[in-house]
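Hi,

Here is the structure I said I would pass on. Have a look at it first, and then read on for what turned up in it.

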Amino acid sequence: MSVARRPSDETLAAFATGRLDEGLALVVATHLERDASSRLRMRSFQSVQGALLDGAEPVAMSTGSSDVLAREGDATVIVEPGHSPETGLPRVLQPYTLGPWRPIGIGVAMRRVDVPGAEARVFMLRAGPGVVLPHHKHSGLEWTTILSGAYEHQYGRYAAGDFDEADSEHEHTPRVDPVEGCTCIAAVTGDVLFQGWLGRLLQPLVRL
């Protein structure tokens with residue numbers, strides 16, 4: 001992975017200091033399980049924060065990253081590779097309720113990830129080889145960690161373990177790897193705005 005396929009410094013710093021919404025934090029934590037370089041960067045932010053706190057008045061962490069940590073009981077669970085009892089899933093998902101896979105289009109299925117109290121909506125998406133998803137943009141954030149396979153769009157190719165960080169400035173048309181397909185976990189704030197005639201037809205049917 002290149003640096004461009006990892007969370008920004010701002011995102012990792014927000015995660016390390018407990019300032020992320022829990023839904024967004026869960027997608028970052030999923031990436032951290034799979035990428036040693038990002039874990040190292042995150043720990044450096046935690047070290048800096050710890051040094052600053054030594055001379056500061058105690059302030060409670062906001063809900064978000066801290067909730068992800070609390071659900072695991074031990075932060076090291078998040079930053080070490082592993083799998084949940086459901087084969088192939090990141091261990092960080094173990095405390096969360098996962099809905100069933102439901103088709104949302106030809107070759108595409110989605111399952112909800114229940115993150116109580118989160119602003120972001122979290123879901124897993126599975127697309128078959130060669131699927132082209134509708135061109136779309138966002139009114140908020142869309143953060144994605146690739147679990148298996150790969151996809152590419154206007155901003156590059158993203159493979160297993162990569163982190164794709166998009167916001168309202170991004171428009172893209174994801175094209176799934178023609179051999180491997182793709183499974184990912186994503187957190188979305190605001191609305192997903194499908195573009196073009198096909199997107200407008202799908203908009204009422206797909207509630208991300």
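This is a predicted model: local features need pLDDT of at least 70, side-chain atom pairs count only at pLDDT 80 or more; totals for chains, interfaces and linings use all residues.

Let's start with helix α1, which is mostly covered: six of its eight residues are buried. Those six are Thr11, Leu12, Ala13, Ala14, Phe15 and Ala16.

Now zoom out for a second. The chain has 208 residues, and 48% of them are buried. Its secondary structure comes to six helices and 12 strands. If you take the contacts between residues at least 6 apart in sequence, 66% of them join residues at least 24 apart.

**How α1 sits against α2**

Two packed helices are described by the angle between their axes and the distance between the axes. For α1 and α2, the angle is about 105 degrees and the axes are 11 Å apart. Angles from 65 to 115 degrees count as roughly perpendicular, so that is the word for how α1 lies relative to α2. Which residues make the contact? On the α1 side they are Thr11, Leu12 and Phe15, and on the α2 side Ala25, Val28, Ala29 and Leu32. Sorted by type, the residues of this contact are six nonpolar, one polar and no charged.

**The nonpolar cores**

In soluble globular proteins, nonpolar side chains tend to be buried together. Here, the largest nonpolar core has 27 residues. Phe15, Leu26, Val28, Leu93, Val113 and Ile185 are the ones that touch the most other members. So where does this core draw its residues from? α1 (9-16), α2 (22-34), β4 (121-127), β6 (142-153) and β11 (182-188) each supply at least two. The top contributor is α2, with seven residues. There is also another core, lying apart from this one, with 15 residues that include Leu125, Ala127, Cys182 and Ala186.

**The salt bridges**

How many salt bridges does the structure hold? There are three, and I'd go through them one at a time.

- Asp35 and Arg6: their side chains meet at 2.8 Å, N to O. Asp35 is in the loop between α2 and α3 (36-53) and Arg6 is in the segment before α1, so this pair ties together parts that are 29 residues apart in sequence. Are these two buried or exposed? Both are buried. For Arg6 the relative accessibility is 15%, and the cut-off for buried is under 20%.
- Asp9 and Arg41: the closest N and O atoms are 2.7 Å apart. This one links distant parts of the chain, with Asp9 in helix α1 and Arg41 in helix α3, 32 residues apart. Asp9 counts as partly exposed because its relative accessibility is 43%.
- Arg157 and Asp177: here the closest N and O atoms are 2.9 Å apart. Arg157 belongs to strand β7 (residues 156-159) and Asp177 to the loop between β10 (175-176) and β11, so the pair ties together parts 20 residues apart in sequence. Arg157 is partly exposed at 38% relative accessibility, whereas Asp177 is buried at 9%.

While you are looking at Asp177, check what surrounds it. Setting aside neighbours within four places in sequence, Asp177 is in contact with Pro129, Gly130, Ala150, Tyr151 and Arg157.

**Two pairs to find yourself**

Arg6 and Val28 are 22 residues apart in sequence, and their C-alpha atoms are 9.4 Å apart in space. Then look for Gly99, in the loop between β1 (97-98) and β2 (102-105). Gly99 counts as buried because its relative accessibility is 18%. Its C-alpha atom is 9.4 Å from that of Met124, which sits 25 residues away along the chain. Leaving out neighbours within four places in sequence, Gly99 is in contact with Arg111 and Arg112.

Cheers

How values were computed
Residues are numbered from 1 along each chain as its sequence is written. Side-chain values use heavy atoms; hydrogens and water are left out. A nonpolar core is a set of buried Ala, Val, Leu, Ile, Met, Phe, Trp, Tyr and Cys residues joined through side-chain atoms within 4.5 Å. Buried means under 20% relative accessible area, exposed over 50%, partly exposed in between (1.4 Å probe, protein chains only). Helices (H or I, at least four residues) and strands (E, at least two) are DSSP runs, numbered from the N terminus. A salt bridge is a side-chain nitrogen of Lys or Arg within 4 Å of a carboxyl oxygen of Asp or Glu. Axes are lines fitted to C-alpha atoms, for helices over the stretch in contact, and angles run from 0 to 180 degrees between N-to-C directions. Angles under 35 degrees count as roughly parallel, over 145 as roughly antiparallel, 65 to 115 as roughly perpendicular and the rest as oblique. Contact means heavy atoms within 4.5 Å. Ala, Val, Leu, Ile, Met, Phe, Trp, Tyr, Cys and Pro count as nonpolar, Asp, Glu, Lys and Arg as charged, and the others, Gly among them, as polar.
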